[in-house]
Amino acid sequence: ITITISETKNSSNYTLAILLTLLLTSIFIAFYLVMRNIINSLKNVKKQMKTLDLQNRLHTKSNDETAEMVAAINEFTERVKNLVLELYSSFHASKQQGVTLSDTAQYVSRSVHEQNKIIALAQKNIKTASSTSETAKTRSLNASQSMQENIHQLATLENSIENTTHT
């Protein structure tokens, strides 16, 4: 069998074309698998973000950029979870302070109401005392006038008695 140079050259070109096709197909398949892994990881992240599930973490078996991205997303999720917990704690503390403030305001309101009752009663007592004082003053003046009249009558009577005894 005789093989010519041109047949060998065609055979080499054919083999090279097949190898190049296999190489490109392998690269495409590898690229597809890497991208599918990345896309699936991103879909998981999207699903967790939609449900606000901050407990679960992403996992990957690769040691490439996807693993770095998954680690960064997990770190971000942990930070978001800590912020949410801190906000919840602050909200709860604020709510408790609001309840305490409301209770204190109600206590102060009741105390002010009671103080107003006491002040009204004191004002009424002062008015009554003032009225009683005015009455006592009037009675005292009347008694004083009555005493003066009695003293004057006694003096007149005494003069009359003296005049009667001297005559």
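Select Thr-77 to begin: it counts as buried because its relative accessibility is 10%, and buried means under 20% relative accessible area, with exposed over 50% and partly exposed in between (1.4 Å probe, protein chains only). This is a predicted model, in which local features need pLDDT of at least 70, side-chain atom pairs count only at pLDDT 80 or more, and totals for chains, interfaces and linings use all residues. Residues are numbered from 1 along each chain as its sequence is written, and side-chain values use heavy atoms, with hydrogens and water left out.

Stay on Thr-77. Setting aside neighbours within four places in sequence, Thr-77 is in contact (heavy atoms within 4.5 Å) with Leu-54 and Arg-57.

Next, select Lys-81. Lys-81 is buried too, at 17% relative accessible area. With neighbours within four places in sequence left out, Lys-81 touches Leu-54, Gln-55 and Arg-57.

Now colour helix H2, residues 65–166. Helices (H or I, at least four residues) and strands (E, at least two) are DSSP runs, numbered from the N terminus. H2 has 102 residues and spans 146 Å from first C-alpha to last. That is close to the 152 Å expected at 1.5 Å a residue, where the expected span is 1.5 Å times one less than the number of residues.

Which residues of H2 are buried? Pick out Thr-66, Ala-67, Val-70, Ile-73, Asn-74, Thr-77 and Lys-81.

Finally, show the whole protein chain. Its secondary structure is two helices and zero strands. Of its 167 residues, 8% count as buried.
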